Amino acid sequence: MATGRGRLLLQHWLGLQALRLPLGGVGAAPGSGGFRKGAGVEFAASWTMLKQYARCGRKCEGPSAACSVSLDGMPPEILLKILSYLDAVTLLCAGCVNRRFYHLANDNFIWIRIYSTAFSPKRSSWKVNSVAKTAVSANLLSVEDKEAGYWKKEYITKQIASVKAALAQLLKPVSPYTGLPVKTKEAIRISGLGWVIILKEKSGREYVMEHVELSVNDSSVTIVWYGKNWPRLATLSTLNLCGVTPVFMDRSKIPTKNGPYELPPHTPRLDDTPEYGLHGYQLHVDMHSGGIFYLCSTFRNLFTKKGHIENGYAKLTVIHFKNNTEHLPLVGKVGLSWRTDVFDGCIKSCSIMDMTLLDEYGQPFWCFSSPVCMRSSPRPLDGPHFWGQTYDVDYVDSAGRLHMELVWITETEEHFIVSLVLYLSVAKINHWFGTRY
């Protein structure tokens with residue numbers, strides 16, 4: 001309290017000096033000092049000066065060079081004491097203010113405390129790991145021997161390594177249906193992974209738009225952007241979609257842009273089995289929109305033959321047209337929902353299709369997630385039991401093609417999938433399995 005009062009009186013005295021008032025008070029003329037006043041007059045004059053100083057102080061509350069007290073003007077000991085109360089992420093932000101704050105925020109005594117708190121040795125209920133405890137004590141004694149920023153680098157490195165190890169454990173369990181990790185949603189939450197769209201004008205100026213909504217499905221992630229604050233661009237030069245992760249993966253204050261994702265190199269498994277690479281497939285298909293699933297099915301033991309290879313594709317029939325027991329309904333009215341801050345709606349006959357095709361070893365051979373549309377088919381389907389309107393769904397990329405045929409049943413008011421065929425690229429099969437079809 002004494003220290004606080006002393007600093008307060010010092011600030012008041014500095015303010016009175018800044019006013020440069022005459023000795024006789026506010027109403028006295030220059031050079032008219034020297035006559036005595038009563039106690040009440042002296043108190044009134046002092047109170048008037050303090051009020052004027054208070055008004056002056058309010059005027060320079062902002063970041064102005066005229067302020068008598070500035071954070072940057074404080075001695076380093078005081079600033080280090082203030083910085084010692086910050087967490088790791090906020091401390092990194094403070095280090096970005098200027099060069100002086102950068103060096104102060106690298107202080108090893110601050111970072112060794114953060115490091116020891118985060119990675120203190122674990123104690124059991126009946127004994128203490130004396131080796132780990134001694135190591136930490138030795139590190140505390142040798143703080144001054146390390147270069148500035150040493151313990152900050154140590155903390156960041158160990159923090160990232162610990163989160164990566166936790167993510168590796170989470171991603172170990174694999175779904176037998178999709179061949180993908182089961183706990184993807186939890187892993188995304190822990191890693192702080194997010195997505196941004198980067199819009200670049202022709203002038204080179206960039207705008208970063210963060211995602212608004214994110215939903216994780218069995219084999220895909222749906223990311224939604226909308227809002228009223230999107231920039232008005234005269235000419236759009238580039239649009240990039242980037243995944244971002246924070247510096248510390250359990251926090252999300254300082255995202256950093258990652259490089260383009262590349263699939264790990266694939267080494268084919270050689271096998272002399274006849275028609276190797278043409279059998280043992282498993283397919284998982286989802287059709288959904290806005291959290292509503294119209295189809296979620298898995299098909300096992302799919303195969304094709306050399307005789308079904310034509311025009312660079314191997315035909316893999318999933319649902320046979322003439323087998324009524326294989327036909328599947330789509331649940332609900334199909335539509336691709338959308339929304340903004342003001343409006344929402346639904347695009348009829350469209351949805352998101354997620355497709356995962358596993359090889360005989362359970363490894364993802366072909367995957368995609370894409371919007372698809374049911375288009376009216378000009379040709380009627382053969383068969384007396386197909387009386388409704390027919391539709392086709394098609395998708396194609398470098399790994400293959402998908403063709404789905406549907407029929408609208410008026411009596412039940414639902415779509416039925418009556419045919420589903422995959423056309424696998426022979427080049428993809430040869431690359432994946434090391435064959436020469």
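The structure holds twelve aromatic pairs. Start with one of them: select W366 and F368, whose rings form a tilted pair, 5.7 Å from centre to centre with 50° between the planes. Those two values are quoted because a pair of aromatic rings is described by the distance of the centres and the angle of the planes. Before going on, please keep in mind that this is a predicted model.

Are W366 and F368 buried or exposed? W366 has a relative accessible area of 2%, so it is buried. F368 is buried as well, with a relative accessible area of 8%.

**Next stop: a cluster of rings.** Select W111, Y115, F119, Y150, W151 and Y155 together. Ring pairs link these residues into a cluster.

**Charges over rings.** Now pick R401 and Y423: the charged end of R401 sits over the ring of Y423, 4.3 Å from the ring centre. Then move to K428 and F365. Here the charged end of K428 sits over the F365 ring, and the distance to the ring centre is 5.3 Å.

**On to a helix.** Show helix α9, residues 184–191, and select S191, which belongs to this helix. S191 has 8% relative accessibility and therefore counts as buried, the limit being under 20%. Which backbone atoms does the side chain of S191 reach? One is the backbone oxygen of I188, at 3.2 Å. Another is the backbone nitrogen of L193, at 3.3 Å.

**Out to the surface.** Zoom in on V342, which you will find in the loop between β12 (335–339) and β13 (344–348). V342 counts as exposed because its relative accessibility is 57%, and exposed means over 50%.

**Last stop: another loop.** Where is E413? Look between β18 (400–409) and β19 (414–425), in the loop that joins these strands. E413 has a relative accessibility of 57%, so this residue counts as exposed.

Terms used: Residues are numbered from 1 along each chain as its sequence is written. This is a predicted model: local features need pLDDT of at least 70, side-chain atom pairs count only at pLDDT 80 or more; totals for chains, interfaces and linings use all residues. Side-chain values use heavy atoms; hydrogens and water are left out. Helices (H or I, at least four residues) and strands (E, at least two) are DSSP runs, numbered from the N terminus. Buried means under 20% relative accessible area, exposed over 50%, partly exposed in between (1.4 Å probe, protein chains only). Rings of Phe, Tyr and Trp (its six-membered ring) pair if their centres lie within 6.5 Å; planes under 30 degrees apart count as stacked, over 60 as edge-to-face and the rest as tilted. A charge sits over a ring if NZ of Lys or CZ of Arg is within 6 Å of the ring centre and within 35 degrees of the ring normal. A polar contact is a pair of N or O atoms within 3.5 Å; within protein, one must be able to donate a hydrogen and the other to accept it, and residues adjacent in sequence count only if both atoms are side-chain atoms.
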